[in-house]
Amino acid sequence: MRSGSTTAVTTIRLAVLTVVAALGVVLPAGPAAAHGQLAMSDPVQDSTVDQPRADVALYFTEQPASFAWFTVTAPSGQRVDGGWRGGEPKRLDKPVQEYFLVEGKFEPKVYNTGFPALVTVSHWPEQGLYVVAYQSVASDGEAVKGQLRFTYSGQATPAPAGWTAPTAGPSEALTRALNKESAPAATQAAPTAGPQQALPPPVTPATPFVLTDWLLPALLIVGVGVMIWLAARRAPVQPEKKRRKAALR
């Protein structure tokens, strides 16, 4: 019994190792990061700021979209952001590598320059943890979201005269872009003269069958399942059955 069981277990292990190795060859490595992501900041993540400052600088691998949204929240939950603006690109402290899908393969691209978003801080009402949140869309349509956290240990500063904490959320343009929705079509006035002719419906071309990247791994998994099933069928005869056969002899 031990020999047959060992054979079955060995077969199953070989099948699992085969599919793992095959998947490692067939499936490409995923991108290390989405496009247009945060590459550098001033202050840096989880650092301590001991002096009031006019703004917080976030550097991305792409220029943030014009409708990007930034907030700065004080420890009490009050927003103290006063809008944002672009600035001069700056060389990154460390190059950032992002991946782009080119002809079915992820190709690396190294970025050495950061594109800033300077977020105004109206005042520093208290000491503690401040959170800078950002939302934008990269040039390829991917969402760019995240947070920068740092601790403020300096003196509290008063709010500017007539200051009102902002409450506005992301713009409609940003929401549509994040949801990958197209902008509403502009309303066109109907012609005032001349007969209107109905346009023929657009012809939808047939979609050819393409052997996609997921099909090969699926076939490998099915093949391993068949190998495991065959190994299970070759399981040795139970000891009770062997004893019955010996008694009959």
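The text below goes from the whole chain to its cores and then to individual residues.

This is a predicted model, in which local features need pLDDT of at least 70, side-chain atom pairs count only at pLDDT 80 or more, and totals for chains, interfaces and linings use all residues. Residues are numbered from 1 along each chain as its sequence is written, and side-chain values use heavy atoms, with hydrogens and water left out.

The chain has four helices and nine strands, where helices (H or I, at least four residues) and strands (E, at least two) are DSSP runs numbered from the N terminus. Their order from the N terminus is α-β-β-β-β-β-β-β-β-β-α-α-α. Of the 249 residues, 25% are buried; buried means under 20% relative accessible area, exposed over 50%, and partly exposed in between (1.4 Å probe, protein chains only). Among contacts (heavy atoms within 4.5 Å) with a separation of 6 or more, 71% join residues 24 or more positions apart.

A nonpolar core is a set of buried Ala, Val, Leu, Ile, Met, Phe, Trp, Tyr and Cys residues joined through side-chain atoms within 4.5 Å. The largest one has 21 residues, and Leu58, Phe70, Tyr130 and Phe150 touch the most other members. At least two residues of this core come from each of β3 (55-60), β4 (69-73), β7, β8 and β9 (143-152). The largest share, four residues, is supplied by β9. A second, separate core of five residues includes Met40, Tyr59, Leu92 and Leu118.

| Residue | Residues in contact |
|---|---|
| Tyrosine 130 | Val72, Thr73, Ala74, Pro75, Val80, Trp124, Pro125, Leu148, Arg149, Phe150, Tyr152 |
| Histidine 123 | Gln78, Val80, Thr157, Pro158, Ala159, Pro160, Trp163 |

Histidine 123 lies in the loop between β7 (105-121) and β8 (128-137). Histidine 123 counts as buried because its relative accessible area is 4%. Its side chain makes a polar contact with the side chain of serine 122 (2.8 Å); such a contact is a pair of N or O atoms within 3.5 Å, and within protein one must be able to donate a hydrogen and the other to accept it, while residues adjacent in sequence count only if both atoms are side-chain atoms.

The loop between β1 (38-42) and β2 (47-49) holds proline 43. The peptide bond from aspartate 42 to proline 43 is cis, with omega near 10°. Aspartate 46 lies in the loop between β1 and β2 as well, and its phi is near 65°, a positive value in a residue other than glycine. Most residues other than glycine have a negative phi, and most peptide bonds are trans. Aspartate 46 is exposed because its relative accessibility is 62%.

Methods. Lists of a residue's contacts leave out its neighbours within four places in sequence.
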